[in-house]
Amino acid sequence: KIMPDMIFCDIGLPGDINGLGFARALRADSELAHIPLIAVSGYNSDEDRQRASLAGFDMIFPKPVRFADITQALAIFSKRKTG
């Protein structure tokens, strides 16, 4: 079974489930709960960031995501994975 090392997810997804619902579902699945989850969002008030954190996101990056943000996430979560 191939698992992702990290997931970047928009909060404002179209359809029946938004990114917050996706995060809750991911965290409720014992096989997937360990995967680092990064929110990408145009919703960046303190309240929005708190909601994302409570839903299970490990980090929240505002749109447009900067390359430095992606590099930071890769550095942080690769260290967790290896040691």
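This report walks through a predicted model, from its sheet to its helices and a few single residues.

## Ground rules

Since we're looking at a prediction, local features need pLDDT of at least 70 and side-chain atom pairs count only at pLDDT 80 or more, while totals for chains, interfaces and linings use all residues. Residues are numbered from 1 along each chain as its sequence is written, and side-chain values use heavy atoms, with hydrogens and water left out.

## The sheet

Let's start with the strands. Helices (H or I, at least four residues) and strands (E, at least two) are DSSP runs, numbered from the N terminus. Three strands form an open sheet in the order E1-E2-E3, with parallel pairing. Two strands pair if DSSP finds at least two bridges between them. E1 and E3 are the edge strands, each pairing on one side only. From one strand to the next, the twist averages 25°. (Axes are lines fitted to C-alpha atoms, for helices over the stretch in contact, and angles run from 0 to 180 degrees between N-to-C directions.)

How many bridges join E1 to E2? There are four, and the two strands run parallel. Right-handed here means that, with the strands pointing away from the viewer, the path from the first strand over the helix to the second runs clockwise. On to the next pair: E2 and E3 (residues 59–62) are also parallel, over four bridges. Here Ala39 has Ile60 in E3 as its bridge partner. E2, H2 and E3 make a right-handed β-α-β unit too.

## Strand E2, covered on both faces

Is E2 mostly covered or mostly open? Mostly covered: five of its five residues are buried. Buried means under 20% relative accessible area, exposed means over 50%, and partly exposed is in between (1.4 Å probe, protein chains only). Leu37, Ala39 and Ser41 are buried on one side of the strand, and Ile38 and Val40 on the other.

Take Ile38, which sits in E2. It counts as buried because its relative accessibility is 0%. Leaving aside neighbours within four places in sequence, Ile38 has contacts that include Met6, Ile7, Phe8, Phe57, Ala73 and Phe77. Contact means heavy atoms within 4.5 Å. Met59 is another of those contacts; Ile38 and Met59 are 21 residues apart in sequence, but 4.8 Å apart in space, C-alpha to C-alpha.

Now for Ser41, also in E2. Its relative accessible area is 0%, so Ser41 is buried. Not counting residues up to four places away in sequence, Ser41 touches Asp10, Ile11, Phe61, Pro62 and Lys63.

## Helices H1 and H2

H1 covers residues 19–28, and its buried residues are Gly19, Leu20, Gly21, Ala23 and Leu26. What covers them includes E1 (7–10), E2 (37–41) and H2 (46–55). At the start of H1, a side-chain oxygen of Asn18 reaches to within 3.0 Å of the backbone nitrogen of Leu20. H1 packs on the sheet, touching E1 and E2, and its direction makes about 145° with that of E1.

How do the two helices sit against each other? The axes of H1 and H2 come within 8 Å and cross at roughly 25°. That makes H1 roughly parallel to H2. (Angles under 35 degrees count as roughly parallel, over 145 as roughly antiparallel, 65 to 115 as roughly perpendicular and the rest as oblique.) Where they meet, H1 brings Leu20, Ala23, Arg24 and Arg27, and H2 brings Arg51, Ala52 and Ala55.

## Lys63 and a cis bond

Most peptide bonds are trans. Lys63 and Pro64, however, are joined by a cis peptide bond, with omega about -10°. Lys63 lies in the loop between E3 and H3, and Pro64 is in the loop between E3 and H3 (67–82) as well.

Lys63 is partly exposed, because its relative accessible area is 43%. Which residue does the side chain of Lys63 make a polar contact with? The partner is the side chain of Asp10, at 2.7 Å. A polar contact is a pair of N or O atoms within 3.5 Å; within protein, one must be able to donate a hydrogen and the other to accept it, and residues adjacent in sequence count only if both atoms are side-chain atoms. Lys63 and Asp10 are 53 residues apart in sequence and 9.3 Å apart in space, C-alpha to C-alpha. Leaving aside neighbours within four places in sequence, Lys63 is also in contact with Val40, Ser41, Gly42 and Asn44.
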